[in-house]
Amino acid sequence: MSLTAAAVLAVTGWTAVGAPAGAPPRHRAPEPPAAATVCSPAGTLKGPGGQRASVSLCASGGGAGTSLSAPATCRRSGTTVRYACLTSGTWTLRRDGRTVATGPLPGGRETPGPGTYEVSGAVHVRSSPAGVDLRGTVRATLTLTDPKPVATHRIEVDRHTLRPHGSATLTYTVARDSDAGDGSARFGLIGEEASGVELTTSDARCVNPLTGRHPSTARSMYALDCALTDLQPGRPSTVVVHARVADACTSIVSKLGYWMPRGQTFHTGGMLAGPTVGCDPSTDRGR
């Protein structure tokens, strides 16, 4: 007599999802929407010698972010060479005349939500093999359908301006508002390397990252990396940072990487951009 796999599991008291038979289903984070891409012709760039590049603008969603790209087809009159196009540049997303987001091409940002958007791209198109090299601006209208993701985490800071030749204490509050996922997150701060800014803290969860090859012990004093493990809804975490600004003004940006587990699925996390602390040179005490 042969048994099916389901029968074997039933005999041993386990279900096909690896839980004891009769046990309540485990909580799982919601699955992200299926990935989808929408493209629209955006324009044709022309150059000397019959160079032409037909460019489209595309938006790809399906998760917490929307990625913009500018695929193109290249050709040159008088030649039978089949060119591959390489595109780079920047994109701007507008809705009702208001800029919603900008970024590099290709590259993405948080999903802005469903709606019709005007997209412009300042593109540089090169061909392989060489023969087409064009720059210009292209435009298209794209209709996005992915819903704006519900915020699961947030970052707050108690001040937003630094000054040169000064020191300041920045208190960051990191909160997790979602029951999905867990309490682990990686919180990072970084200033401009050439500015001479120093970021320090007595918080044992944070370190200035090592730089250079082993056995170097040099650290990047303009950056901090904090491993948070106890974020819970209703229990935010506070990180107190001391910023010493030298002669040059610098902004300090923050970000958070976090888990939203779905078993062993590879893409199980997200990134959140936190507030930027700017610098106002007009408040320089030396003036």
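Predicted model: local features only at pLDDT ≥ 70, side-chain atom pairs only at ≥ 80, totals over all residues.
Biologist: Where in the chain does S120 lie?

Modeller: S120 lies in strand β8, which covers residues 115-128. The protein chain has 20 strands and one helix.

Biologist: What makes the pair S120 and R94 a polar contact?

Modeller: Their side chains come to 3.3 Å. A polar contact needs a pair of N or O atoms within 3.5 Å, one able to donate a hydrogen and the other to accept it. The side chains of S120 and R94 therefore make a polar contact.

Biologist: Which residues is S120 in contact with, leaving aside its neighbours within four places in sequence?

Modeller: They are L57, T90, W91, T92, R94, V138 and R139. Contact means heavy atoms within 4.5 Å.

Biologist: How many of the 287 residues of the protein chain count as buried, as a percentage?

Modeller: The buried part is 35% of the 287 residues.

Biologist: How do you know that β15 pairs with β16?

Modeller: Two bridges join β15 to β16, residues 223-228. Pairing needs at least two bridges, so β15 and β16 pair. These strands run antiparallel, and the bridge partner of C206 in β16 is C226.

Biologist: What is the order of the strands in the open sheet?

Modeller: The five strands follow the order β15-β16-β13-β18-β19, with antiparallel pairing. The edge strands are β15 (206-207) and β19 (269-273), and each pairs on one side only.

How values were computed:
Residues numbered from 1 in each chain as written. Heavy atoms only, no water. Helix = DSSP H or I, 4+ residues; strand = E, 2+ residues; numbered from the N terminus. Buried < 20%, exposed > 50% of the residue type's maximum accessible area, 1.4 Å probe, protein only.
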